[in-house]
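I opened a new notebook page for this chain. The plan is to look things up one at a time and write down what I find.

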Amino acid sequence: MLQRPGRRALLAVAGTACLAKPAFAQTEGWPARPVRIVVPFTPGGSNDAIARPLAERLQARFGQPFVVENRPGAGSAVGVAAVAQSAPDGHTLLLTTSSITAIGPVQGTGFNPGAELDAVALLAKAPLIVLTPPDSPIGSIQDLLAADRARPRSLHYASSGPGSTTHIAAELFNLRAGATLQHVPYRGTAGALTDLVAGRVDLMFTTIASAAGQIRGGLLRIIAYTGEERPPGTPPAPTVRAAGIDYDAGIWWGLFGPHGLPPGIRRALNEAANAALAEPGFARGLASEGALPAPLPPEAVAAFLAVEMGEMREVVAAAQNPGGLTLRIRADRRSASGWIDAPRRGGLTLRVGAD
């Protein structure tokens with residue numbers, strides 16, 4: 001989530017090294033049959049927009065079908081678990097987002113992707129955007145902070161679900177800005193955006209691609225980007241950091257396999273994925289999602305994941321303090337009233353809608 005100087009240098013140096021490799025690693029007898037790429041989210045959106053073009057290029061490279069299989073559920077935990085429990089023979093892979101780092105800390109499962117999966121490739125990175133309705137009095141990060149300080153805990157942000165990238169980005173903002181924004185999760189991005197347009201929630205942190213139609217149609221406006229700078233070709237708006245907040249968050253996509261993946265297969269997949277990222281057509285597709293290629297060798301992907309896990313633990317640790325991380329599940333999205341608080345493991349709060 002949080003982009004630090006050391007990681008940026010790692011991405012720049014290691015990424016250049018990856019793209020410079022002219023040849024692919026060789027494997028014996030693999031793949032022997034079609035390869036599944038499990039995407040632990042519903043069909044459509046940025047995950048499929050990256051997974052399916054990648055699958056086409058891997059199929060062309062290795063001569064076997066690479067089939068994208070959507071297996072959503074439990075904040076991506078269902079699909080992730082299916083891959084982690086698969087045989088580490090290179091015939092089952094996982095394409096997921098940075099939300100994988102939240103499964104253990106936020107859901108309290110103890111899941112550690114660094115120990116239960118093998119990192120294969122880092123594919124792309126993108127900042128998020130902060131959205132409000134065009135008629136909202138919150139037209140900037142400064143407006144947001146002023147409103148929050150005037151009436152603490154009165155502003156509600158939507159997310160695509162507990163533990164999602166959109167959820168954690170907002171909670172990281174709370175942590176860095178000292179804000180008290182309240183969480184209202186949805187089962188996916190579509191419902192969250194619908195309620196944001198209708199004014200049932202106040203704001204949302206999400207990807208550029210997911211809200212492109214609402215932004216073009218004037219139904220929502222970008223008040224800030226969560227990265228260090230605005231991506232090329234996107235609507236003008238300042239960064240959160242420009243408001244004086246030490247904050248830099250985003251989303252990334254990566255390719256993983258079950259723990260114990262043979263090194264030769266892991267290397268071959270990494271090199272093939274990095275070669276796909278170097279193709280202009282693939283890069284244009286990423287740009288349409290507001291993302292940029294982020295190639296790394298397998299070892300560097302593992303190190304990157306370790307840094308991400310550390311930052312996730314930092315955000316969740318803030319939940320141990322009053323006013324920390326809150327998970328909210330709504331029984332009825334038509335209104336934001338009628339919440340019931342109940343204690344939850346690790347100092348988090350589960351709020352169930354009673355209306």
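Which residue in E9 does leucine 131 stand opposite? I looked it up: isoleucine 222. I note here that the model is predicted.

**Entry: the whole chain**

I counted elements next. The chain has twelve helices and 14 strands. Of its 355 residues, 53% count as buried. Residues 24 or more positions apart account for 75% of them.

**Entry: the five-stranded sheet**

Strand E5 covers residues 129-132 and pairs with E9 in the antiparallel sense, over four bridges. Both belong to an open sheet of five strands. I wrote the order down as E7-E6-E8-E5-E9, with mixed pairing.

At the E7 end I found a parallel pair. Strand E6 (residues 156-159) is joined to E7 by four bridges. Histidine 156 stands opposite glutamine 182 there. Then I looked at where the side chains of E7 point. Gln182 and Val184 go one way, His183 and Pro185 the other, and all are buried.

**Entry: the six-stranded sheet**

A second open sheet has six strands, in the order E2-E1-E3-E10-E4-E11. Its pairing is mixed too. Strand E2 (66-70) and strand E11 (292-293) are the edges; each has a single partner, so one side of each lacks a neighbour in the sheet.

I looked at two pairs in this sheet. E1 and E2 run parallel over five bridges, and valine 35 stands opposite phenylalanine 66 in E2. Strand E3 (residues 92-97) and strand E10 (residues 250-258) run antiparallel and are joined by four bridges. In that pair, leucine 95 faces leucine 255 across the strands.

**Entry: helix H2**

What does helix H2 lie across? I found strands E1 (35-39), E2, E3, E4 (117-127) and E10 under helix H2 (residues 45-62), which runs at about 160° to E2. H2 has 18 residues and reaches 26 Å from its first C-alpha to its last, close to the 26 Å expected.

I listed its buried residues, among them Ile50, Ala51, Leu54, Ala55 and Leu58. Glycine 45 also lies in H2. Is glycine 45 buried or exposed? It is exposed, with a relative accessible area of 54%; the cut-off for exposed is over 50%. Its C-alpha is separated by 6.7 Å from that of serine 210, 165 residues apart along the chain. Just after H2, glycine 63 takes a positive phi of about 80°.

**Entry: H7 against H12**

I then turned to a helix pair. Helix H7 (residues 165-177) and helix H12 (residues 298-317) pack at about 65°, their axes 10 Å apart. The crossing is left-handed. Ile168, Glu171, Leu172, Leu175 and Arg176 of H7 meet Met312, Glu314 and Val315 of H12. By class, I noted five nonpolar, no polar and three charged residues in this contact.

H12 passed a length check: its 20 residues should span 28 Å, and its end C-alpha atoms are 29 Å apart, which agrees. Its buried residues include Phe304, Leu305, Met309, Met312 and Val315.

**Entry: two backbone spots**

The peptide bond from tryptophan 30 to proline 31 is cis, with omega near -5°. Proline 31 sits in the loop between helix H1 (5-20) and E1.

Arginine 153 was my last stop. Its phi is near 65°, a positive value in a residue other than glycine. I placed arginine 153 in the loop between helix H6 (141-150) and E6. Arginine 153 is partly exposed, at 38% relative accessible area.

Key. Residues are numbered from 1 along each chain as its sequence is written. This is a predicted model: local features need pLDDT of at least 70, side-chain atom pairs count only at pLDDT 80 or more; totals for chains, interfaces and linings use all residues. Side-chain values use heavy atoms; hydrogens and water are left out. Two strands pair if DSSP finds at least two bridges between them. Contact means heavy atoms within 4.5 Å. Axes are lines fitted to C-alpha atoms, for helices over the stretch in contact, and angles run from 0 to 180 degrees between N-to-C directions. A crossing is left-handed if the near helix is turned anticlockwise from the far one by less than a right angle, and right-handed if clockwise. Ala, Val, Leu, Ile, Met, Phe, Trp, Tyr, Cys and Pro count as nonpolar, Asp, Glu, Lys and Arg as charged, and the others, Gly among them, as polar. The expected span of a helix is 1.5 Å times one less than its number of residues. Buried means under 20% relative accessible area, exposed over 50%, partly exposed in between (1.4 Å probe, protein chains only).
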